[in-house]
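Please look over the sequence and the model shown here before reading the notes that follow. They begin with the chain and then turn to single elements and residues.

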Amino acid sequence: MIPSPFLLLHFRRYPPRMTNKKWKKASFWHGRVDLSVTACHNVRVTSADESGDTMSEHIHTTERFKSDLRALGVGAGDTVMMHASFRSLGGIEGGAAALFHAFFEVLGEDGTLILPAFSYATVTAEQPLFDQRETPSCVGYLPEFFRTQVDGVVRSVHATHSCSLKGKRANELADGHEKDLTPVGKHSPIAKLPLVGGKILILGSHPDHNTSLHGVEELVEPPYLYGCDTVNYVLKTDAGEIRQTARRHGFQKDGFFYAQRYARVIDLMTPDEYTHGCVLDADCWLLSAEAVWRRAHEKLSEDPLFFVDKLPL
């Protein structure tokens, strides 16, 4: 069985310099796990408003949402990191507010939910200020809704890869994140996830969208990982101002782009280390964070290019 405690919700955009032609040319390596078939999308989505809410021929109930989460393996007391596509769920009554309320009914008072509040697109060398309260996330509708609209959410302090957390372990996991000088260092809630028996929920997103693999990459430091320059950041926090010099990930080197293929970690896992199923209209995976980190570290130590495709820019 997958160990109990955490969920984190993640979103990632494809690299801006990666053209559609190049992306299609770099086909996904499926291995044992078939990523080409999505059996859950049986409700046709007809439109979407600008907030990310979808309108479909059928609006799902929150009771169905909770039932599907539990069937996938999410339970009371879990700590979950979630990577999600809100639109992939189809319509849900009450929208994002009702979704999060239902989620915490599943997790219960001992559970914790983590979503990315990443700001790597806006906090840069040119704009190096991170404000814990004001800097928006750049990774989609649900993370920003969670950060700004859900009561009791705390935000960890990091220039580019902060997280939003709510639940029993929120402060414990957020504490000390400002000490990291890389995107996913040992003080990140993402890096702490496997230490507390956490889970990674990929909710309608592609399994490549798994930021935990960045943390594993930082342990091994494959040649493509870091850019050449450091950045002098200013972190404006509730406790005061912090100035630091930190590194950013690169994924470009010597005329090549290294496209992330993090779904390959599932092929390394045993059936008792993950589940695959449907939540509403979304195709989903629930992964043991401990197994993800352990399996990925073993493979990356053996083959530093296993989780990327090397493509010309």
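Predicted model: local features only at pLDDT ≥ 70, side-chain atom pairs only at ≥ 80, totals over all residues.

Helices (H or I, at least four residues) and strands (E, at least two) are DSSP runs, numbered from the N terminus. Residues are numbered from 1 along each chain as its sequence is written, and side-chain values use heavy atoms, with hydrogens and water left out.

**The chain**
- Of the 313 residues of the protein chain, 57% count as buried, where buried means under 20% relative accessible area, exposed over 50% and partly exposed in between (1.4 Å probe, protein chains only).
- The accessible surface of the protein chain comes to about 13,800 Å², with 50% of it belonging to carbon and sulfur atoms; such areas come from the Shrake-Rupley method with a 1.4 Å probe, and for residues only the protein chains shown count as cover.
- Among contacts (heavy atoms within 4.5 Å) between residues at least 6 apart in sequence, 73% join residues at least 24 apart.

- Helix α7, which spans residues 212–220, is mostly covered, with seven of its nine residues buried, including Leu213, His214 and Val216.
- Just after α7, Glu221 takes a positive phi of about 55 degrees.
- In strand β7 (residues 112–116), five of the five residues are buried; Thr112, Ile114 and Pro116 point one way, whereas Leu113 and Leu115 point the other way.
- Strands β7 and β10 run antiparallel and are joined by five bridges, two strands being paired if DSSP finds at least two bridges between them, and Pro116 has Cys163 as its bridge partner in β10.

**Two loop residues**
- Val157 lies in the loop between β9 (154–155) and β10 (163–167), and counts as buried because its relative accessibility is 9%.
- Leaving aside neighbours within four places in sequence, the contacts of Val157 include Phe130, His177 and Leu235; Val157 and Asp238, 81 residues apart in sequence, are 9.6 Å apart in space, C-alpha to C-alpha.
- Gly152 is found in the loop between α4 (141–149) and β9, and counts as exposed because its relative accessibility is 57%.
- Not counting residues up to four places away in sequence, Gly152 touches Leu165 and Lys166, and the C-alpha atoms of Gly152 and Lys166, 14 residues apart along the chain, are separated by 6.2 Å.
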